[in-house]
Amino acid sequence: MPEIAEGVRYDTVAREWRCKWSLDDNMASLKACQALLEEMKDDILEVTHDFSQRQRRTKEVLCGKMDVSKQTVQRIVAPDGLVFKVIVKLPEDKFDEWEKTNFEPEGRFLEGLRQIPGVTEVETQTYTLECMNLMGKIVVPNASKGCMADSLPRKEIGR
C-alpha cells in the first residue's frame, strides 16, 4: 500500500470533475449538469466495473465483484457554494490504467459542462479517498449467540 507520509497510506485514488452553477433561471444550469450526468451514466459507470446498461440487463450476480468502498461514482451538490461535483473512485492499480486513457469519458463530460449556460470554473482534481474505520474491528455476533438468541425458532432433532 503506497504511503504519502509516515502513517498516511492509501489504496484508492479519486478523480473529481467539478464546476460552479448559477441560480439563474430557476437553477437551470444545475438541472442541466444533472441531465448530463444521467445522459453519460453508462459511460461513467463502466469505468468502475464494466457496470453499464448491458450489465443491468443480465442476471449475473455481482457479489464480491464490486467493492463500493474502493470503486464508486458519487455526485455532490453544494448549494452554499453552488458547486456540482462528480467523483470517480478506483483502487490504485485500476486508477493507473484509467489514467492511461486520459480518464475517458472525462473530456466529453467536461466539454458537456462547458457548453451549459451558467456553468463556470470547470475543473478537475486527483486525490486519495479512503473509507476510514476509526472504531477498530467490528464484530458481528452469530444470531444464535446474539441478543435475540432466545427469540429464534428452535429446530428439534428427530422429528
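Residues are classed here by relative accessible area, with buried meaning under 20%, exposed over 50% and partly exposed in between (1.4 Å probe, protein chains only). By that criterion isoleucine 4, at 57% relative accessibility, counts as exposed. The structure is a predicted model, in which local features need pLDDT of at least 70 and side-chain atom pairs count only at pLDDT 80 or more, whereas totals for chains, interfaces and linings use all residues. Residues are numbered from 1 along each chain as its sequence is written, and side-chain values use heavy atoms, with hydrogens and water left out.

The protein contains five helices and six strands, where helices (H or I, at least four residues) and strands (E, at least two) are DSSP runs numbered from the N terminus. Along the sequence these elements follow the pattern β-β-β-α-α-α-β-β-α-α-β. Of the 159 residues in the protein, 28% are buried. The accessible surface, computed by the Shrake-Rupley method with a 1.4 Å probe (for residues, only the protein chains shown count as cover), comes to about 11,000 Å², of which 53% belongs to carbon and sulfur atoms. With contact defined as heavy atoms within 4.5 Å, residues 24 or more positions apart account for 67% of the contacts that have a separation of 6 or more.

When its neighbours within four places in sequence are left aside, isoleucine 4 is in contact with Tyr10 and Thr128. The C-alpha atoms of isoleucine 4 and threonine 128 are separated by 9.7 Å, although the two residues are 124 residues apart along the chain.

Four strands form an open sheet in the order S4-S5-S3-S6, with antiparallel pairing; two strands are taken to pair if DSSP finds at least two bridges between them. Because S4 and strand S6 (120-128) stand at the edges, each with a single partner strand, one side of each is left without a neighbour in the sheet. From one strand to the next the twist averages 15°. Angles of this kind run from 0 to 180 degrees between N-to-C directions, and the axes are lines fitted to C-alpha atoms, for helices over the stretch in contact.

Within this sheet, S3 is mostly covered, eight of its nine residues being buried. S3 pairs with S5 in the antiparallel sense over nine bridges, and with S6, also in the antiparallel sense, over seven bridges. Arginine 15 stands opposite valine 88 in S5, while its bridge partner in S6 is threonine 126. Lysine 20 likewise has a bridge partner in S6, namely threonine 120.

H5 lies across S3, S5 and S6 and runs at about 150° to S6.

Helix H1 (residues 24-39) has 16 residues and reaches 22 Å from its first C-alpha to its last, close to the 22 Å expected at 1.5 Å a residue, the expected span being 1.5 Å times one less than the number of residues. A kink of about 30° is centred on lysine 31 in H1, the bend at a residue being the angle between axes fitted to the seven residues ending there and the seven starting there. The buried residues of H1 are Ser29, Leu30, Cys33, Leu36 and Leu37. These buried residues pack against strand S3 (12-20), helix H2 (41-49), strand S4 (72-78), strand S5 (83-91) and helix H5 (106-114).

Some backbone values call for separate description. Most residues other than glycine have a negative phi, and most peptide bonds are trans. In helix H1, methionine 27 has a phi near 60°, a positive value in a residue other than glycine, and with a relative accessible area of 32% methionine 27 is partly exposed. Asparagine 102, in the loop between H4 and H5, has a positive phi of about 60° although it is not a glycine; at 61% relative accessibility, asparagine 102 counts as exposed. Proline 105 is also found in the loop between helix H4 (92-99) and H5, and the peptide bond from glutamate 104 to proline 105 is cis, with omega near 15°.
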